[in-house]
Amino acid sequence: MSIFTQNRSVRIFIGILVLFTLGVTVMSEAYGTGAISVSFTKVLGMTLCLCLAALAMDLVWGYCGILSLGHFAFFGLGGYGIGMWLMTARTEAVVRANLAGGVIPPTEAEVSQATALQIFSVVGAEDWPWMWAASDSLFLSLVLIVAVPGLLALVFGWLAFRSRVTGVYLSILTQAMTLALSLYLFQNDTGLRGNNGLSGLQNIPGADAIGQDRISIWFFWASAVALGLAYVAAAWLISSKFGNIIRGIRDDEQRVRFLGYRVESYKLFVFTLTGILCGVAGALYYPQAGIINPDEIAPIASIYLAVWVAIGGRGRLYGAVIGAAVVSLLSTYFTGGRAPDIALGAFRIEWVDWWPVLLGLGFVLVTLFAPKGLGGLVDYIVRKDRA
Amino acid sequence: MSSLLEVQGVSVTFDGFRAINNLSFQIGMPEMRAVIGPNGAGKTTFMDIVTGKTRPDTGSVRWGDLGHSLLSMSEAQIAQAGIGRKFQRPTVFEDQSVHDNLRVALKKPRGPIAAILDRTTDTDRARIAEIAEEIGMAGHLGTRAGILSHGQKQWLEIGMLLAQDPKLLLVDEPAAGMTTEEREHTTALLKRLAETHAVVVVEHDMEFVRRLDCRVTVLHEGAVLAEGSLEHVMADDRVVDVYLGR
């Protein structure tokens with residue numbers, strides 16, 4: 001495709017992604033030296049998924065100027081979509097194994113009932129909620145991972161954009177959306193196990209014989225492929241006339257209207273597309289995380305997504321990826337108990353508590369000294385090299 | 001001459017202030033018309049109404065032979081119907097090259113899917129080159145619009161208007177910030193356009209209006225005060241009172 005020959009940053013990005021993937025594979029426990037533990041492989045795979053979400057955020061905010069503070073809701077919906085299938089299939093296998101010892105083989109209805117009891121007893125229910133109807137089919141679940149976030153983004157975007165809600169009002173509305181969804185999922189009778197969320201998602205049905213060492217690297221590969229494909233597709237999209245138009249909308253949407261473009265259709269297209277991208281990213285993320293609960297789509301999560309893109313530099317695709325990777329890995333380092341605490345006599349800096357302060361400080365520093373973000377610094381260094 | 005645009009009895013009020021007061025206006029095709037008037041006479045609001053940005057409280061705005069009402073159409077639909085607008089303050093997409101600005105304006109299908117699949121054909125390339133030549137930017141196609149001078153941005157916006165290929169051109173102060181030579185070029189271009197298009201020019205500069213040599217409509221307090229040749233309206237005492245100041 002001509003996007004490779006025309007766009008240097010795409011070639012460089014894909015090159016680095018391939019090298020990184022090979023590097024991690026060579027150092028993995030399953031296929032290499034074992035220098036990278038299974039849990040760290042998962043962290044890296046999850047980071048790639050977050051990069052994918054940030055890429056979507058950059059398209060919608062950095063290129064189209066819609067500061068959505070609700071895109072993590074779509075990410076979470078993707079996670080719940082795959083989570084329902086994983087949990088159903090896994091629990092059903094366990095139930096079958098338990099019932100197999102009986103004299104009379106269990107009927108399908110009995111298996112289904114026992115599975116439901118197993119999954120929902122934690123919230124005091126024993127029947128399948130309606131939203132689990134597709135959970136016994138992997139294919140249908142995969143369709144829903146795309147369809148549910150896409151449909152929510154489509155309906156929400158249609159209502160918001162046709163009323164010409166823009167700027168900070170739209171941001172507040174998107175925050176309200178993700179908060180409402182999160183509160184809805186917190187309820188036990190919603191049918192998604194309330195605050196318990198879905199767990200045991202790292203156990204892939206039918207793959208009991210395969211260890212987590214191999215499964216972790218497979219998900220890492222899948223995440224890398226998804227990020228690579230999305231990056232190329234996004235670069236292609238913004239290099240087309242469509243890209244010129246959405247950047248025009250970002251800078252002066254009224255002007256674009258007077259040129260005869262229906263701005264609402266363009267915004268809705270970008271909003272829905274990025275919602276779907278976030279859904280796919282979430283569906284790859286949560287099997288690696290192992291658990292999803294409504295806290296994941298709290299309003300702060302979507303704000304973090306915007307912070308990553310701002311730190312990385314919006315309006316450049318690699319900026320979003322760099323921002324998400326750097327900030328989320330640092331976050332893992334400082335909040336995961338790895339960073340040594342600093343003792344200052346009577347006072348002690350515990351990084352778990354101080355990480356938000358550090359992040360805030362970093363955000364201020366980037367805004368002051370690198371207004372185009374970390375991606376802008378990359379531009380600066382590359383240009384300097386060439387000069 | 002059948003009229004292309006017919007505005008009848010239009011009024012619009014902002015917070016109790018009557019910006020347009022029972023205004024009627026019509027223009028045929030081809031025709032050139034200059035609209036003059038003091039600040040606050042309603043010139044920009046008039047353009048806003050025609051292009052769909054502002055909805056009038058009363059009155060009708062009809063378009064074309066079939067007399068479609070523009071009031072029920074969105075800005076984008078009105079633009080697609082063939083009304084192009086150049087703003088007073090040049091508004092180009094500063095972040096993008098001159099070529100891309102023209103490409104976005106070029107008359108082609110306006111839907112998102114069409115935009116994704118759009119390829120610059122030889123015809124497009126030729127048309128963009130032709131417009132760039134016309135606006136004196138043949139050598140600047142790759143330049144980022146943000147670093148152009150004020151006059152060049154004016155030209156680029158006129159170029160975008162040409163690329164849009166509208167039937168009616170609403171041009172707000174085209175000569176602002178231009179050198180004498182550029183003004184002459186603008187005058188010639190507008191006159192040439194007026195041979196095949198309807199052109200409405202809003203202008204403050206009387207010398208420029210004189211050079212356009214066309215019918216003049218004088219607005220005052222949101223209504224038409226006088227209409228006719230420049231000599232005719234200048235001879236009107238009321239016009240002299242409100243516009244030339246006493």
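**Reading strands, helices and contacts**

Colleague: How many bridges join E6(B) to strand E7 (residues 168–172) of chain B, and do the two run parallel or antiparallel?
Modeller: Strands of a sheet pair through backbone hydrogen bonds, either parallel or antiparallel. Here E6(B) and E7(B) run parallel and are joined by 4 bridges (strands pair if DSSP finds at least two bridges between them), and within this pairing Ile83(B) stands opposite Leu168(B) of E7(B). Strands (E, at least two residues) and helices (H or I, at least four) are DSSP runs numbered from the N terminus. The model is predicted, with local features needing pLDDT of at least 70 and side-chain atom pairs counting only at pLDDT 80 or more, while totals for chains, interfaces and linings use all residues. Residues are numbered from 1 along each chain as its sequence is written, chains are lettered from A and ligands numbered from 1 in the order in which they are written.

Colleague: In what order do the 6 strands of that open sheet stand?
Modeller: The order in chain B is E6-E7-E8-E3-E9-E10, with mixed pairing. Strand E6 (83–86) and strand E10 (223–228) of chain B each have a single partner strand, so that one side of each of these edge strands is left without a neighbour in the sheet. Helix H6 (residues 150–164) of chain B lies across E6 and E7 of chain B, and runs at about 175° to E6(B).

Colleague: What is the strand order of the open sheet of 4 strands in chain B?
Modeller: That order is E2-E1-E4-E5, with antiparallel pairing. Strand E2 (17–28) and strand E5 (68–69) of chain B are at the edges, each with a single partner strand, and therefore one side of each lacks a neighbour in the sheet. Strand E1 (residues 3–14) and strand E4 (residues 58–63) of chain B pair over 5 bridges, and Gln8(B) has Ser60(B) in E4(B) as its bridge partner. Helix H1 (residues 43–50) of chain B packs on this sheet, where H1(B) touches E1, E2 and E4 of chain B (contact: C-beta atoms, placed from the backbone, within 7 Å), and its direction makes about 65° with that of E2(B).

Colleague: How many residues does each chain bring to the contact of chain A with chain B?
Modeller: Chain A brings 20 residues and chain B brings 22 residues. On the side of chain A, the elements giving two or more residues are helix H9 (241–258) and helix H10 (263–289), and H9(A) gives the most, with 11 residues.

Methods. Two residues are in contact if their C-beta atoms, placed from the backbone, lie within 7 Å. Axes are lines fitted to C-alpha atoms, for helices over the stretch in contact, and angles run from 0 to 180 degrees between N-to-C directions.
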